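Please open the structure in your viewer and keep the selection tool at hand.

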Amino acid sequence: MASNDPDVPKGANGQAGGVQSVDRALQILDILSRDGHAGVSDIAEEMGVHKSTVFRLLESLVGPEMVQQNTGRGKYQLGFGILRLAASIPARLSLVREARPILEDLAQQSKETVNLAVLRSGYAVNVDQALGPSSLATHDWVGGLTPLHATSSGKVFLAALPADERRRILDEVGLSARTPRTITDRDVLEKQLLDVARNGYAETSEELEIGLNAIAVPVFNHVGAVIGSVSISGPAFRFDTAKLPGLITSLREAGLQISAKMGYTQR
C-alpha cells in the first residue's frame, strides 16, 4: 500500500519508509542538539520536507521523551529520554575498557575464546571478545544478540533476575530450539538456573551451536548487581568436563577481577 506521507516516494515499501523515518528522526535530534530548540517550520525548512512530516516525527519522539515541547514558545527541545540513553553509555564503555586486559589474559591462559556480554532487551549481547592461541573461532560475536536460554552468559543473566522479570522475558522471547540439545522446557531451565545461582557459573553443551561448549560467570557492580558476564567457549571435542574445574577457577578469578574494577567488594 502506498504511503499517504507527501514526502515518501510513491510505491515505497514499508521497510524503506521505516528507514527513512528513522533517518529523519535522527536529523531532527541533531538539529535540536545543535540549536537548542526549534519550531516545526524551521526544522521542515532545513530538512526540505513537509511540515506535517516533521510534526508527525516530533510527536513520535515526545512519547519516549526524546524531545519535549516548550509550552511558552511552542518550540521543541531535547528531552530527558536522551539523558537516560546517554547515562548508560559511560558504564558500558567503562566495563569494556576495564575488562579488556583481563579478557586477553584469560584467553591466553585458557587458549580459548573469551567473551564479555551484557543484558539488553531480553538477549545477551557480546560487547568484547578475545581469542586464545588454540581458538578455532573465526566468528566475531561482538554486537550479536544471542538467546538467554541457549548461552552460558544468558543463563547467568536469567539466574540473576527476579522471578517475575525472568518470566516476563521468557514469555516474550520464548525458548526456541537452536540445536537438538537446546533446553526448551521451562521447568528444566528453571531447575538449571537454580544450580547456576547456587554454583556461581553456567554451562552450555552444544545448546547454541553443535560442536560449541561454553561456561560463564557473572560480573558485579559496586552494589553487587550483575551487570555483565564473562564466558569461555571452545569446540566440544576439546572443551570437556575433565578440563572444567581449572577453567572455572580461572574464569571465576577473571570475573572477580573485572567486578573489582567496577567497584564490587566481596562481603
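Begin by selecting Pro180, which is exposed, with a relative accessible area of 77%. The model is predicted, and local features need pLDDT of at least 70, side-chain atom pairs count only at pLDDT 80 or more, while totals for chains, interfaces and linings use all residues. Residues are numbered from 1 along each chain as its sequence is written, and side-chain values use heavy atoms, with hydrogens and water left out.

Pro180 belongs to the loop between α6 and α7. Helices (H or I, at least four residues) and strands (E, at least two) are DSSP runs, numbered from the N terminus.

Next, select helix α6 (residues 163-173) and helix α7 (residues 186-199), whose axes come within 13 Å and cross at roughly 140 degrees. Axes are lines fitted to C-alpha atoms, for helices over the stretch in contact, and angles run from 0 to 180 degrees between N-to-C directions. The two helices α6 and α7 are therefore oblique to each other. Angles under 35 degrees count as roughly parallel, over 145 as roughly antiparallel, 65 to 115 as roughly perpendicular and the rest as oblique.

Which residues of α6 and α7 make the contact? On α6 they are Arg166, Arg167, Leu170 and Asp171, and on α7 they are Arg186, Leu189, Glu190 and Leu193. Contact here means heavy atoms within 4.5 Å. The residues of this contact divide into three nonpolar, no polar and five charged. In this classification, Ala, Val, Leu, Ile, Met, Phe, Trp, Tyr, Cys and Pro count as nonpolar, Asp, Glu, Lys and Arg as charged, and the others, Gly among them, as polar.

**The sheet**

Now display the strands. An open sheet of six strands has the order β5-β4-β3-β8-β7-β6, with antiparallel pairing. The edge strands are β5 (145-147) and β6 (202-205), each of which pairs on one side only. Two strands pair if DSSP finds at least two bridges between them. In general, strands of a sheet pair through backbone hydrogen bonds, either parallel or antiparallel.

Select strand β8 (residues 226-235). Is β8 largely enclosed or open? Eight of its 10 residues are buried, so β8 is largely enclosed by the rest of the structure. Strand β7 (residues 212-220) pairs with β8 in the antiparallel sense over nine bridges. Within this pairing, zoom in on Ala216, whose bridge partner in β8 is Ser231. Five residues separate the strands in the hairpin of β7 and β8, where Gly224 takes a positive phi near 85 degrees.

Move on to strand β3 (residues 113-120), which pairs with β8 in the antiparallel sense over five bridges. Thr113 stands opposite Ser233 in β8, and Val114 stands opposite Ile232. Six of the eight residues of β3 are buried, so β3 too is largely enclosed by the rest of the structure.

Strand β4 (residues 123-130) is also a partner of β3, in the antiparallel sense over seven bridges. Here Leu119 stands opposite Ala124 in β4. The hairpin of β3 and β4 has two residues between the strands, and Ser121 takes a positive phi near 50 degrees there.

**Two loop residues**

The last stops concern the backbone. Most residues other than glycine have a negative phi, and most peptide bonds are trans. Select Lys111, in the loop between α4 (80-110) and β3. Lys111 has a positive phi of about 65 degrees although it is not a glycine, and it is partly exposed, with a relative accessible area of 41%.

Finally, select Glu65, in the loop between α3 (51-62) and β1 (67-70). Glu65 is not a glycine, yet it has a positive phi of about 65 degrees. At 38% relative accessibility, Glu65 counts as partly exposed.

Notes. Buried < 20%, exposed > 50% of the residue type's maximum accessible area, 1.4 Å probe, protein only.
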